[in-house]
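Thanks for coming, everyone. Let me put the structure up on the screen, and then we'll walk through it.

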Amino acid sequence: MGMYAFAKAPYVNSIYKEAARQISRLIKLDLSNKRNILVFDADVLLCEQEEQAGDAVLHELDEQRVVTDDSYLLFQRYLQELVSWGNEIMLCSRSAPGQLNAILDREDLILTKQECKYMSCECETITEAILQIHREHGVLLDQFIVLDTKELYLNGIRQLLLPEDSTLWMQSVEASGILDYISAEASRYSNGEDVLADNTEEYSLEEFLQSIQLEVTLREINELQAEQIEHILHNTKDFNLTGLLWTQEEIIGALNGDNQLIYSVKVQDRFGDYGMAGTIIGTVDKKSFKVDALLLNCRVLGKNVEYHLMKELANRIREHQCDSIVFHYQSSGRNESAAQFLARITRTDLKCVHTGEALTISCKKLEDYANEALHPDKADQEPDMPDKPHKADRSFDPYQFIFNRWNKLDEAEKDQINDLVSHTKSIEEIMRAIADSKMKTRTGVKAEYLQPRTETEQKIAALWADILNVDKVGVLDNFFELGGTSIMAAQLIVKFKNAFDMMLPVRIFFDSSSIEQMAMYIEAVKSEQNKQDINESAVSNFRYKTREFLKNEVWLDEEITGAKELQAWDHTRIHNVLLTGVTGFLGAFLLQELIAMTDYHMVLLVRADSVQSGYERVVANMEMYNLWDEAYRSRIEVCTGDLARPLLGQQLQDFNELAVRIDSIYHAGAITNFLEPYNKIKDVNVQGVQEILRLASTHKLKQVHYVSTHYVFSTLSHENGYIAYEDTIPSDHEVLVLGYQQSKWVGERIMALAKERGIPLSIYRVGRISGSSTTGACQTRDIMWLMIKSCVEAGVLFEENVNIEFIPVDYVSKSIVALSLQAGSSNKNFHIVASKMNTLNQVYTWMNSYGFKVEKMPYEQWKDELVDRVAENPNLNTTKAMLPFIPEDMGEWDVEIMYDTTNVTKGLSETTITCPEVGEEVFNRYLDYFVKTKYFQLTP
């Protein structure tokens with residue numbers, strides 16, 4: 001076990017003796033001269049992985065692929081702690097130093113340039129980068145450790161292979177033992193003379209915590225410490241009550257103001273002085289102290305610092321004649337541990353804490369509750385009976401620290417770990433059990449658990465469990481309900497071919513995603529039964545269940561209605577307009593058009609930690625598509641929020657103030673990734689619709705302009721030539737396979753309910769959006785571009801000719817804005833389509849002329865070839881991700897739905913707006929953009 005993992009072991013009575021024995025053993029090893037330099041490909045550490053080359057080849061960094069998911073940020077926090085333990089970090093990249101530095105300067109990342117001692121840029125391979133640092137700094141080669149998700153052959157340089165799942169990276173590093181680290185002082189113990197003999201006496205948890213001589217003090221800061229407080233505010237994310245961010249200037253201003261108190265938190269114990277480990281900021285209001293910020297660095301948690309801090313706070317604010325303290329919590333997505341602590345220390349229900357309501361507690365009670373937590377065995381003793389024995393339920397949770405340091409765990413996993421307190425005896429067992437708990441428990445599945453019965457079902461279940469990392473799989477379970485993704489489905493397709501020597505229909509993951517149906521299909525193939533009939537029966541059954549599920553997803557809060565006594569909507573008096581989705585592709589072009597065609601003041605809903613970082617996201621996104629103009633700053637305002645959260649992530653007062661100001665809403669915000677299942681995008685795409693309609697019906701009515709998609713009408717539900725009329729509501733019988741389709745269908749049905757309740761709205765259904773006809777700027781998440789990229793990546797394309805729609809994004813944005821400004825647009829729907837269809841043969845010819853070489857083959861052969869090439873080369877990530885979305889036969893490609901455009905034609909008839917045709921010249925602009933941004937790679 002690594003020393004770092006050892007240090008993170010929770011304080012549990014039964015482990016002290018074993019811990020002492022292990023530490024004594026490690027000290028004797030005399031590791032005083034050991035040095036670790038942890039080497040990362042910066043693209044692997046910071047970006048979402050799409051294409052991975054083998055043989056330690058480095059990648060170009062891409063700002064668009066930088067990941068800020070919890071698992072990546074948690075690992076970055078972990079790396080910071082490793083640095084504090086004496087390890088060093090080295091980043092390698094093919095990109096220029098400026099590009100790497102720009103990414104490390106981002107506020108939404110935790111890792112900074114300060115933690116990266118070595119950065120080797122503009123290198124082709126990791127080996128080249130390591131040799132460069134070896135030559136320039138004299139670092140020994142055996143001091144490097146390369147951490148990567150693929151096997152690299154580095155000629156004697158140590159490597160730790162990380163799992164593909166980033167949530168397991170920290171566990172893998174700790175379990176490997178590569179980070180055993182002892183300071184130079186350990187050398188004096190090498191002869192064993194100073195090592196204490198094993199002591200059989202056992203100590204309680206409380207006795208141990210008292211023995212460390214913990215001191216927590218609060219000190220009012222001065223102006224010289226403002227910079228340090230700013231740093232703590234910006235870099236402490238986990239135990240942080242509100243996520244408040246202040247600049248150095250704002251902190252100094254507060255110090256010079258009235259009634260503002262800013263404390264630094266100093267922590268020390270017999271093991272050392274931790275310096276400034278947190279801060280408390282608040283305001284004295286009569287006899288109360290209102291806490292605006294309270295945070296502690298993770299390095300001091302786990303030994304009751306937070307409870308000592310509460311006692312100290314109660315004492316300090318009494319000096320200002322305050323007799324109560326007011327707390328409130330604001331979620332940042334990463335500070336759940338702070339919420340749980342606030343619930344415990346104020347004796348408040350956790351759900352109430354999550355609402356953000358003010359929680360007032362007297363100084364006396366706060367002090368008493370802190371003392372009870374620090375001395376649980378004495379909490380319920382009678383004052384006159386100090387020696388009365390008492391068995392208390394400890395309020396201190398020794399595993400909470402580990403919960404927050406490893407990754408998010410659901411309730412079942414937390415219960416599983418809590419059971420270890422009373423059942424586990426040694427440090428090895430505890431750490432092993434925690435590692436085992438990383439395996440997900442089968443929860444949240446609609447189907448009743450039914451154990452695999454046949455050999456085939458057992459074999460399939462084992463494949464599922466391996467890929468999904470779950471403890472057990474039932475034969476009726478749904479692959480995506482268990483946490484499956486398109487990438488995992490593609491991995492399963494390849495594993496099926498290896499395990500059963502047959503191709504499994506890729507659509508089976510969407511239309512009959514159960515072990516039972518997969519086993520039936522395999523058995524049918526083996527016995528030469530009519531597998532077509534079996535598959536069609538399974539497909540029909542699954543599609544029926546999906547339709548019923550989606551119908552039940554359609555509901556609208558009764559409070560959301562236009563029938564209330566609200567100020568009537570007036571299209572002639574629009575000044576403040578809310579736009580969502582502005583950090584996306586279409587949203588950026590909509591903002592440009594709304595600024596150009598109106599005098600509106602644009603309020604932009606942006607998911608960000610602060611208004612400043614929200615501005616930066618907007619500007620960076622528009623610059624990426626060559627749209628930004630500095631003159632826009634006077635016309636825009638950023639409002640931080642989140643479509644996935646109640647009240648758009650606003651406090652109730654802020655939400656109401658927004659409802660008063662806003663006159664009209666353009667809702668273009670959505671997760672448009674076709675590769676994500678419904679459950680992964682529901683919160684944003686469906687719940688977001690609810691909250692937008694809530695805003696539209698609060699204080700005064702506002703018209704909602706909702707961007708939807710043609711794909712709410714499914715080619716699987718209609719015959720070739722079916723006409724979808726603009727004002728038609730998609731029916732219950734639509735067969736919707738993709739999560740994005742499903743979420744937009746539910747969104748439109750909710751919009752229909754809102755329309756019935758008197759909320760004015762318009763729906764703009766858009767087909768396949770291509771790039772700008774003038775600049776070539778394109779998005780990369782559309783399913784057609786992903787399909788084309790997978791063909792380029794794999795080097796094969798099917799030869800059958802099919803129609804492809806390309807609608808230039810500049811035409812789409814101009815049309816939506818022009819139509820929305822017309823008085824007659826309210827309560828109408830609009831179909832925005834291409835002026836002319838393109839064909840796959842045209843695309844093939846143009847790409848071939850540009851320099852992309854792909855082999856053409858029949859459709860059936862092409863499908864099999866893609867699977868074979870993914871099996872041979874796992875680095876074909878785009879191809880791998882697209883496998884589950886490839887139609888089973890050409891039938892789905894042959895069906896075309898005709899979209900009525902009566903409302904659009906009439907609405908644009910008196911404008912100069914027309915849809916440009918996408919010919920070779922325009923298409924080449926798209927390819928220029930993709931090659932420039934390295935989305936497509938031209939091979940010599």
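Start with strand 1 (residues 37–41) and strand 4 (residues 144–148), which pair in the parallel sense over three bridges. Before going on, note that this is a predicted model: local features need pLDDT of at least 70, side-chain atom pairs count only at pLDDT 80 or more, and totals for chains, interfaces and linings use all residues. Residues are numbered from 1 along each chain as its sequence is written, and side-chain values use heavy atoms, with hydrogens and water left out.

Some terms. Helices (H or I, at least four residues) and strands (E, at least two) are DSSP runs, numbered from the N terminus. Two strands pair if DSSP finds at least two bridges between them.

Back to that first pair. Ile37 stands opposite Phe144 in strand 4. Now the whole sheet. It is open, with five strands in the order 3-2-1-4-5, and the pairing is parallel. Strand 3 (116–120) and strand 5 (158–161) are at the edges, each with a single partner strand, so one side of each has no neighbour in the sheet. On average, neighbouring strands here are turned by 25° against each other, direction ignored.

Contact means heavy atoms within 4.5 Å. Axes are lines fitted to C-alpha atoms, for helices over the stretch in contact, and angles run from 0 to 180 degrees between N-to-C directions. Helix 6 (residues 126–137) lies across strand 1, strand 2, strand 3 and strand 4, running at about 155° to strand 4.

What is its strand order? Seven strands run 15-14-13-16-17-19-24, again in an open sheet with parallel pairing. Strand 15 (636–640) and strand 24 (829–832) stand at the edges; each has a single partner strand, so one side of each lacks a neighbour in the sheet. The twist averages 20° from one strand to the next.

Strand 14 (residues 601–606) pairs with strand 15 in the parallel sense, over five bridges. There, Leu604 stands opposite Val638 in strand 15. Helix 25 (residues 611–624) lies across both strand 14 and strand 15, at about 120° to strand 15. Helix 28 (residues 739–756) also packs on the sheet, touching strand 17 (703–709) and strand 19 (761–766), and its direction makes about 150° with that of strand 17.

On to helix pairs. The axes of helix 24 (residues 585–597) and helix 30 (residues 809–820) come within 9 Å and cross at roughly 50°. That makes helix 24 oblique to helix 30. For reference, under 35 degrees counts as roughly parallel, over 145 as roughly antiparallel, 65 to 115 as roughly perpendicular, and the rest as oblique. Residues in this contact include Phe585 and Leu586 in helix 24, and Val809 and Asp810 in helix 30.

The second pair is helix 26 (residues 652–661) and helix 27 (residues 678–696). Their axes come within 9 Å and cross at roughly 60°. That makes helix 26 oblique to helix 27. Phe655, Leu658 and Ala659 of helix 26 meet Glu691, Arg694 and Leu695 of helix 27.

Last, salt bridges: a side-chain nitrogen of Lys or Arg within 4 Å of a carboxyl oxygen of Asp or Glu. The count comes to 25. Glu367 forms one with Arg318, and the closest N and O atoms are 3.1 Å apart. This pair links distant parts of the chain: Glu367 sits in helix 14 (residues 363–374) and Arg318 in helix 11 (residues 305–318), 49 residues apart.
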